[in-house]
Amino acid sequence: MQWYLAPWRSFARFSGRARRREFWIFSWVNGMVIVALFINDLPLPQHADDGPVLLSAVFCLAVFIPSISVCIRRLHDTGRSARWLLMAIVPVANLVFLVNLTQDGDPGTNKYGPDPKGLDV
């Protein structure tokens with residue numbers, strides 16, 4: 001639970017570094033919540049006249065800034081700048097972006113801060 005709440009506590013901090021565990025747990029839990037809310041938002045046949053609730057859209061808006069923040073800090077952990085985030089919108093380059101997010105962070109201190117694992121050399 002602490003790994004999911006860590007990005008919420010530092011939702012507007014775009015400096016520093018984030019561990020893989022923090023990034024991926026935050027991403028996976030958000031993905032599962034969005035899918036569950038989307039399924040909940042589907043209109044039932046007996047309630048077709050009701051407008052859509054769109055809980056999933058509200059949740060997506062709520063997690064937008066924390067997601068960007070933790071993604072930038074994850075890139076910083078691998079020694080890359082926030083500009084690499086732009087690769088996520090390019091169709092083929094987003095695979096390279098995904099690989100960068102799965103790599104282990106730089107050991108020790110890099111130009112973005114100390115190692116979040118606490119293993120500074």
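Student: What share of the 121 residues in the chain do buried residues make up?

Tutor: Buried residues make up 34% of the chain. Please keep in mind that this is a predicted model.

Student: How does the confidence come out, then, as an average for the chain?

Tutor: The average pLDDT is 84, and 88% of the residues score at least 70. Among the helices, H1 (residues 2-9) has the lowest confidence, with a mean of 85, whereas H3 has the highest, at 91.

Student: How many helices and strands are there?

Tutor: The chain has four helices and zero strands. Read from the N terminus, the order of elements is α-α-α-α.

Student: And what part of the contacts joins residues 24 or more positions apart?

Tutor: Such pairs account for 64% of the contacts with a separation of 6 or more.

Student: Let us turn to the inside. Which residues of the largest nonpolar core touch the most other members?

Tutor: They are Cys71, Leu85, Phe97 and Leu101, in a core of 16 residues. Helices H2 (20-41), H3 (55-77) and H4 (93-102) are the elements that give two or more residues to this core. The greatest contribution is that of H3, with six residues.

Student: Why does Cys71 count as buried?

Tutor: Cys71 counts as buried because its relative accessibility is 6%, and the cut-off for buried is under 20%.

Student: Which residues does Cys71 touch?

Tutor: Leaving out residues up to four places away in sequence, Cys71 touches Phe23, Leu85, Phe97 and Leu101.

Student: Is Cys60 buried or partly exposed?

Tutor: Cys60 is partly exposed, since its relative accessible area is 34%.

Student: While we are on cysteines, how many disulfides does the structure hold?

Tutor: The structure holds zero disulfides. A disulfide is a covalent bond that links the sulfur atoms of two cysteines.

Student: New topic: how much space lies in the largest pocket?

Tutor: The largest pocket holds about 250 Å³ of space. Its lining includes Phe23, Trp24, Phe64, Ile68, Cys71, Leu85, Phe97 and Leu101.

Student: Where does Arg74 lie, by the way?

Tutor: Arg74 lies in helix H3.

Student: Is Arg74 buried or exposed?

Tutor: Arg74 counts as buried, because its relative accessibility is 0%. Setting aside residues up to four places away in sequence, Arg74 touches Ala18, Arg19, Arg20, Phe23, Leu101, Gln103, Asp104 and Gly105.

Student: What about Ser69: which helix is it in?

Tutor: Ser69 is in helix H3. Ser69 is buried, because its relative accessible area is 0%. Not counting residues up to four places away in sequence, its contacts are Ser10, Phe11, Ala12, Arg13 and Phe14.

Student: Where is Phe11 found?

Tutor: Phe11 is found in the loop between H1 and H2. With a relative accessible area of 42%, Phe11 is partly exposed.

Student: Which residues is Phe11 in contact with?

Tutor: Apart from its neighbours within four places in sequence, Phe11 is in contact with Ile65, Pro66 and Ser69.

Student: What separates the C-alpha atoms of Phe11 and Ile65?

Tutor: A distance of 6.6 Å separates these C-alpha atoms, and the two residues are 54 residues apart along the chain.

Terms used
Residues are numbered from 1 along each chain as its sequence is written. This is a predicted model: local features need pLDDT of at least 70, side-chain atom pairs count only at pLDDT 80 or more; totals for chains, interfaces and linings use all residues. Side-chain values use heavy atoms; hydrogens and water are left out. A nonpolar core is a set of buried Ala, Val, Leu, Ile, Met, Phe, Trp, Tyr and Cys residues joined through side-chain atoms within 4.5 Å. Buried means under 20% relative accessible area, exposed over 50%, partly exposed in between (1.4 Å probe, protein chains only). Contact means heavy atoms within 4.5 Å. pLDDT is the predictor's confidence in each residue, from 0 to 100. A disulfide is a pair of cysteine sulfur atoms within 2.5 Å. On a 1 Å grid over the protein atoms alone, a cavity is a set of points where a 1.4 Å probe fits but cannot get out, and a pocket is an open set with protein on both sides within 12 Å along at least five of seven lines; lining residues have an atom within 4 Å of a point. Grid points are joined across faces, edges and corners, and a volume is the space filled by probe spheres set on the points.
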